[in-house]
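Please look through the structure shown below before reading on. The report that follows moves from the contact between chains to the inside of one chain.

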2 protein chains.
Amino acid sequence: MGSGAEFDAIRRLLATWGAAAVGIGDDAAIVDIPAGERLVVSTDATVENVHFRRGWLTAEEIGARAAAAALSDLAAMAATPRGLLVALGLPEEWLGQLDDFARGVGAVAVAAACPIIGGNISASRELTLTLTVLGSAAHPLRRAGAQPGDIIFVTGRLGGAGAAVKALYDGRAPDPAHRVRFASPMPRIREALWLAARGAHAAIDVSDGLLADAAHLARASGVSIALDATALPRVGGVSVDEAAASGEEYELIIAAPREMASLADEFSRTFDLELTAIGTVAAASGEAVTMAGMRGDAHVGHDHLASH
Amino acid sequence: MGSGAEFDAIRRLLATWGAAAVGIGDDAAIVDIPAGERLVVSTDATVENVHFRRGWLTAEEIGARAAAAALSDLAAMAATPRGLLVALGLPEEWLGQLDDFARGVGAVAVAAACPIIGGNISASRELTLTLTVLGSAAHPLRRAGAQPGDIIFVTGRLGGAGAAVKALYDGRAPDPAHRVRFASPMPRIREALWLAARGAHAAIDVSDGLLADAAHLARASGVSIALDATALPRVGGVSVDEAAASGEEYELIIAAPREMASLADEFSRTFDLELTAIGTVAAASGEAVTMAGMRGDAHVGHDHLASH
């Protein structure tokens with residue numbers, strides 16, 4: 001892509017984003033972080049044939065999903081979104097769908113009230129979206145805050161994303177209820193802010209799978225987590241094992257004081273989303289995470305496609 | 001790359017970076033921006049076969065060059081570096097050189113006093129480094145600040161990067177003095193802070209080529225720039241036309257009040273780098289940039305390899 005084509009592509013992106021894109025035109029974007037708040041920043045890549053295959057998702061879904069995955073890291077920190085930067089590696093055969101990518105990214109950014117503040121576009125052999133998200137919080141929620149006696153909660157219902165990828169990988173059409181969980185995840189930003197404001201101690205988003213991510217949280221906090229397989233909220237048609245291993249769900253795992261269990265109903269009414277107590281936190285002993293009631297090996301993680 | 005290989009790769013990166021990497025372990029990094037300063041952020045991608053070809057650069061040079069290109073955007077804004085995020089798309093055949101990439105990125109980050117605060121690693125078919133840089137400044141330098149009556153300065157000597165790429169593209173060994181300008185550019189961060197503190201009005205870094213980038217600055221400022229081809233500081237062995245079109249130089253174009261010309265000697269002594277007056281700013285009229293004394297078409301830009 002020469003600089004002419006590059007500028008044309010940038011113009012197309014900006015036209016699609018309209019008022020969702022702000023302050024673009026300098027070598028770097030300028031963002032004001034409210035006084036008393038800390039900057040929270042993360043970068044996340046979506047690569048064709050690693051995170052999805054051609055034909056599994058529309059270009060708009062690819063854009064939306066990449067934005068959701070990146071913004072989910074701000075949700076995990078209970079940070080208010082302040083800006084999104086989009087670095088696009090674009091093969092020539094995808095150029096015609098640039099507006100669709102932009103629409104997908106833009107829709108999720110607008111839903112999260114996150115301005116698009118910059119980016120980069122480059123030719124490449126495979127489609128790559130590397131999104132950087134900036135947020136701010138007076139007290140970012142960390143992985144390391146879980147305390148013995150806490151309850152472990154999870155938002156939403158797990159298993160749909162993994163079931164959809166398995167079906168697609170096997171060449172079957174996924175159940176529509178599973179597919180939407182893979183193709184159109186939503187970052188749980190408002191939910192995280194709500195829970196942090198009410199005293200949540202620690203959080204992580206479900207990107208590698210419930211068991212793997214709960215283990216990250218347990219290790220960072222120096223605690224052990226005991227999950228109850230029978231309590232696990234699952235989408236229809238998936239087993240407990242599948243729900244516990246399903247990655248790229250972008251739901252939140254929260255460690256919170258026991259008294260927050262009484263807020264689950266209010267949470268569900270407010271966000272039209274379940275908040276389910278699925279385990280407890282104890283002082284560290286042996287395994288970081290155990291899961292009673294599960295068949296098979298509890299140590300299941302999520303692998304990207306390339307390892308299949 | 002499965003999550004196991006991914007975590008192994010992250011461990012290798014962190015081992016190579018040592019104290020240069022800080023605060024890694026949460027879903028997002030936390031950065032404190034000094035009170036009274038604004039956040040400045042940019043993302044920049046380096047893609048194999050677009051920005052370089054295999055065999056042209058060592059893995060360490062690829063890492064160093066990507067970091068320099070990204071940090072150069074902070075220099076253009078006269079921002080103090082606060083953090084670097086490294087998103088790596090890594091083909092399997094490059095996996096053995098992961099430590100070399102990391103060493104290259106780390107060396108430039110340390111030289112710029114910029115902590116490495118996060119990143120992402122993913123399998124991919126072609127090598128991609130997408131770097132996001134965060135900085136801060138009380139008064140970021142913009143493209144839009146040039147005023148009629150200002151002098152246009154450029155740091156260093158131009159043309160080496162373009163001459164090296166041309167030689168490599170033609171299958172010749174580049175002149176070593178040209179090659180170093182392509183393989184090992186340095187972001188002019190301290191130089192930019194020094195010039196901004198002394199009253200520079202506007203800046204942009206030379207990534208597309210002097211003429212193209214001067215035009216970006218002129219258009220953003222609503223002015224016209226008249227460059228003097230005979231004043232252009234060139235590396236040995238390149239023509240004025242080549243120097244004016246050479247991209248990815250990562251030198252700075254500065255618009256500054258006339259009286260700053262007297263600081264050029266002090267600048268050169270302080271940074272062991274030339275600061276050369278190469279033109280003047282006038283009210284907008286016709287072309288954004290003109291260049292007296294140049295042969296041929298003055299409207300030369302820099303194209304990435306894919307357009308050759």
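How many residues of chain B are in contact with chain A? Taking contact to mean heavy atoms within 4.5 Å, 55 residues of chain B touch 55 residues of chain A. This is a predicted model, in which local features need pLDDT of at least 70 and side-chain atom pairs count only at pLDDT 80 or more, while totals for chains, interfaces and linings use all residues. Residues are numbered from 1 along each chain as its sequence is written, chains are lettered from A and ligands numbered from 1 in the order in which they are written, and side-chain values use heavy atoms, with hydrogens and water left out.

**Between the chains**

The size of an interface is often given as the accessible area lost when the parts come together. Counted as the accessible area (1.4 Å probe) that two parts lose on being put together, summed over both, the area buried between chain B and chain A is about 4500 Å², with 52% of it on carbon and sulfur atoms. On the chain B side, Asp27(B), Ile30(B) and Arg125(B) lose the most area to chain A, and together they make up 16% of what that side buries. A salt bridge is a side-chain nitrogen of Lys or Arg within 4 Å of a carboxyl oxygen of Asp or Glu; six are counted between chain B and chain A, and one joins the side chains of Asp27(B) and Arg143(A) at 3.2 Å, N to O.

**Strand β6 of chain B**

Helices (H or I, at least four residues) and strands (E, at least two) are DSSP runs, numbered from the N terminus. Buried means under 20% relative accessible area, exposed over 50%, and partly exposed in between (1.4 Å probe, protein chains only). In strand β6 (residues 151-155) of chain B, five of five residues are buried; Ile151(B), Phe153(B) and Thr155(B) point one way, whereas Ile152(B) and Val154(B) point the other way.

| Partner strand | Sense | Bridges | Facing residues |
|---|---|---|---|
| β10(B), residues 275-283 | antiparallel | five bridges | Val154(B) and Thr276(B) |

**Helix α2 of chain B**

Of the 18 residues of α2(B), 17 are buried, so this helix is largely enclosed by the rest of the structure. Just after α2(B), Ala78(B) takes a positive phi of about 50°.

Key. Two strands pair if DSSP finds at least two bridges between them.
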